[in-house]
Amino acid sequence: MAGICFNKQPLLRDGISQESPKRAVLRIVQGNKLLVSPGLVMAGGVAAVAVWLAALFFFDLIDEADLLLAGLSGLAGGIGGMAMTLWQNHTTRHDQEYIALQEHQAKHDPLTGLFNRNALFAELEQSIIRAKATDTVLGVLFLDLDRFKVINDSMGHEAGDDLLRIVAERLEGTVRGGDLVARFGGDEFVVVCRDLLSEQSVLAVAKQILKSFAEPVSLYGGAQVVSTSIGIAIARPDDARRSDDLVRDADAAMYKAKRAKSGFAVFDEVQRLQVIDRLDIERDLVTALAQEQLVVFYQPLIDVSGKRLYGFEALVRWNHPTRGLIGPGDFLDVAEETGMMAKIGELVLREACAQAAVWNHLSPDAQGVKMGVNIAEQQLLDGNFPYLVADVLEWSGLPPEQLVLEITENVIVDHLAGLSVLRDIRDLGVSLAIDDFGTGQSSLGYIKQFDMVSTLKVDKTFVDDMSSGVNRAIIEAVVAMARALDLQVVAEGVESEHQVKELLEFGVNIMQGYLFNKPVAGDAIDPSSWFSARSGQLLAGEDGAPGLLPAEVNTAFTRTLDHTRSRPKRLG
Ligand code: C2E
Ligand code: MG
Ligand code: MG
């Protein structure tokens with residue numbers, strides 16, 4: 001437990017700039033204590049009585065009884081005065097301790113005892129001034145624990161709290177005495193490294209911290225490996241950034257480290273532009289939703305051995321007024337961070353279901369064709385999500401069997417505890433697919449949940465390099481497991497005929513990729529040619545080998561992202 005001088009910072013620091021009015025009053029009283037001290041009064045009183053008694057004694061005016069009485073009253077006065085002095089000292093100390101405690105609580109996080117966010121900014125501001133004065137380098141490290149939510153959800157909040165305390169202790173044990181450790185909030189921590197002579201020293205601290213995380217943490221008897229991603233912002237003495245700029249930049253670098261799974265990443269100039277970009281995107285996205293600038297494209301999934309169109313995947317795009325057509329990779333992160341993902345997800349779900357229902361209406365062959373819609377973590381966390389799905393199905397008139405919700409493997413694993421939402425969705429008759437399968441955490445603990453899932457979409461990374469023995473082994477294992485569990489396997493990102501042949505040899509029949517078609521706008525899909533292609537013309541190859549698409553369909557299939565089309569008409 002943190003003592004009163006936790007974090008190597010003196011509680012009451014000198015310096016007028018930090019003094020509160022209450023403390024100023026206390027200082028003045030303390031400074032003048034001797035003038036008003038009851039001890040002094042007592043001493044004066046005793047001296048006066050002594051002088052008076054001496055005078056009377058020398059002039060022989062008193063007897064021994066008077067002398068005794070006077071002595072006793074002097075003694076009583078002395079004891080009383082002394083008691084008053086002790087009491088005053090005690091209350092003053094008590095006040096001091098109370099004020100110190102208040103100040104400590106205002107600056108520290110109650111769970112870990114580390115500096116809190118407010119204190120961090122105040123301390124960092126002082127550190128920036130000092131670094132400039134002493135011509136030294138300052139490093140700001142922003143840490144975010146990886147998969148903290150999984151521990152919190154699966155082991156309970158107490159285990160989560162324990163983990164945060166352990167992490168705080170490890171960080172404190174790793175950094176140097178003059179450095180500062182703060183809890184920024186949730187599972188985020190900030191370390192400020194001061195008085196450094198070079199930028200390399202900041203990286204050394206980051207490596208040291210990562211090393212300290214390598215040792216498993218003991219939580220409720222079990223050993224748990226916890227990792228963290230660290231973003232670093234380095235301020236040289238001539239850097240003009242303020243405390244909030246540095247923390248923001250370190251945070252942005254942390255995202256980079258997390259995405260790259262690189263442990264740590266340093267914020268650089270390119271990223272600075274990206275941050276500005278990000279802010280623009282955040283602002284424009286609000287308008288995009290209001291002005292219906294988001295559009296849905298569709299990419300076909302082909303059943304290569306059945307030579308038919310198996311389904312589509314709905315993929316969102318942003319028809320930005322000045323930047324042109326933007327892919328989801330450039331704005332979905334921002335949408336997730338700013339809480340806009342649920343709205344975007346609902347829009348895509350409605351649009352895709354309405355589009356599939358329109359196709360059903362226009363072509364009887366479209367009726368068995370699946371429509372895959374990606375579902376983000378934020379949507380799954382909403383207990384009302386199954387009601388939304390039911391509502392959209394009713395509104396659009398799309399049969400539930402045609403809808404497939406795609407959920408990435410990591411999101412499924414992270415929400416094992418909250419899988420009732422998935423069960424509710426399955427009970428509606430809607431299928432679930434695990435997207436980007438194989439890229440998630442190696443935990444197969446969630447395999448028992450596969451009864452809710454109908455499809456595994458093998459990630460493009462495995463399809464890209466099937467010459468690698470490891471990738472081949474993974475695809476083989478996935479196909480064998482899917483067979484055993486009666487799941488459909490879809491290969492993502494198929495770009496060459498060679499890949500088609502190899503995938504067929506593995507027993508994977510359903511494929512999605514640029515070889516067949518890039519995603520296209522809904523009205524680029526002509527139901528009369530696309531859906532009749534299901535009856536065999538689509539992939540008519542010679543001698544049993546998979547053929548590519550017939551010329552007229554191929555033209556429609558190979559429209560690229562540059563084709564911005566109007567949105568499909570909605571039903572109802
Ligand atoms: P995903 O669900 O795995 O979608 C497949 C992505 O691979 C799409 O990228 C698609 O255009 C791309 N792709 C397909 N075939 C090929 C190929 O042969 N080569 C290459 N290089 N790429 C191929 P896109 O549209 O950029 O989407 C990226 C990701 O964004 C999606 O990955 C999905 O996770 C997410 N996403 C897209 N739309 C939505 C949406 O409406 N909601 C949510 N939550 N996520 C979405
Ligand atoms: Mg997908
Ligand atoms: Mg995918």
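Guide: Start with ligand 1: of the 23 residues around it, Glu313, Arg317, Asp435, Glu495 and Tyr514 come nearest. This is a predicted model, in which local features need pLDDT of at least 70 and side-chain atom pairs count only at pLDDT 80 or more, while totals for chains, interfaces and linings use all residues. Residues are numbered from 1 along each chain as its sequence is written, chains are lettered from A and ligands numbered from 1 in the order in which they are written, and side-chain values use heavy atoms, with hydrogens and water left out.

Visitor: Which polar side-chain atoms lie by an oxygen atom of ligand 1, and at what distance?

Guide: One belongs to glutamate 313, at 2.8 Å from an oxygen atom of ligand 1. Another belongs to asparagine 374, at 2.9 Å from an oxygen atom of ligand 1. Glutamate 495 has a side-chain N or O atom 2.5 Å from a nitrogen atom of ligand 1. A polar contact is a pair of N or O atoms within 3.5 Å; within protein, one must be able to donate a hydrogen and the other to accept it, and residues adjacent in sequence count only if both atoms are side-chain atoms.

Visitor: How much of ligand 1 does the protein bury?

Guide: Taken alone, ligand 1 exposes 790 Å², and the protein buries 80% of that. Accessible areas come from the Shrake-Rupley method with a 1.4 Å probe; for residues, only the protein chains shown count as cover.

Visitor: Which elements give two or more residues to the shell around ligand 1?

Guide: They are strand S9 (308-320), helix H12 (341-362) and strand S13 (431-437). S9 gives the most, with four residues. Helices (H or I, at least four residues) and strands (E, at least two) are DSSP runs, numbered from the N terminus.

Visitor: What makes a residue a donor of the magnesium ion (ligand 2)?

Guide: Donors are N, O and S atoms within 2.8 Å of the metal (3.2 Å for Na, K and Ca); water is not among the atoms, so sites may look incomplete. Glu313 (OE), Asn374 (OD1), Glu406 (OE) and Asp435 (OD) lie 2.0 to 2.2 Å from the magnesium ion (ligand 2). Their spacing in sequence is E-x60-N-x31-E-x28-D. The pair of asparagine 374 in strand S11 (residues 370-374) and glutamate 406 in strand S12 (residues 403-408) links distant parts of the chain, 32 residues apart.

Visitor: Why is glutamate 406 called buried?

Guide: Buried means under 20% relative accessible area, exposed over 50%, partly exposed in between (1.4 Å probe, protein chains only). Glutamate 406 has 4%, so it counts as buried. Asparagine 374 has 28%, so it is partly exposed.

Visitor: What coordinates the magnesium ion (ligand 3)?

Guide: Asp435 (OD), Asp436 (OD), Glu492 (OE) and Glu492 (OE) do, at 2.0 to 2.6 Å. Aspartate 435 bridges the magnesium ion (ligand 3) and the magnesium ion (ligand 2), which lie 4.0 Å apart. Aspartate 436 lies in strand S13 and glutamate 492 in the loop between strand S15 (488-491) and helix H19 (497-506), so the pair ties together parts 56 residues apart in sequence.

Visitor: Are aspartate 436 and glutamate 492 buried or partly exposed?

Guide: Aspartate 436 has 23%, so it is partly exposed. Glutamate 492 has 10%, so it is buried.

Visitor: What does the side chain of arginine 183 make a polar contact with?

Guide: The side chain of aspartate 109, at 3.2 Å. Arginine 183 is in strand S2 (residues 180-185). Its relative accessibility is 15%, so it counts as buried.

Methods. A residue is near a molecule or strand if one of its heavy atoms lies within 4 Å of it.
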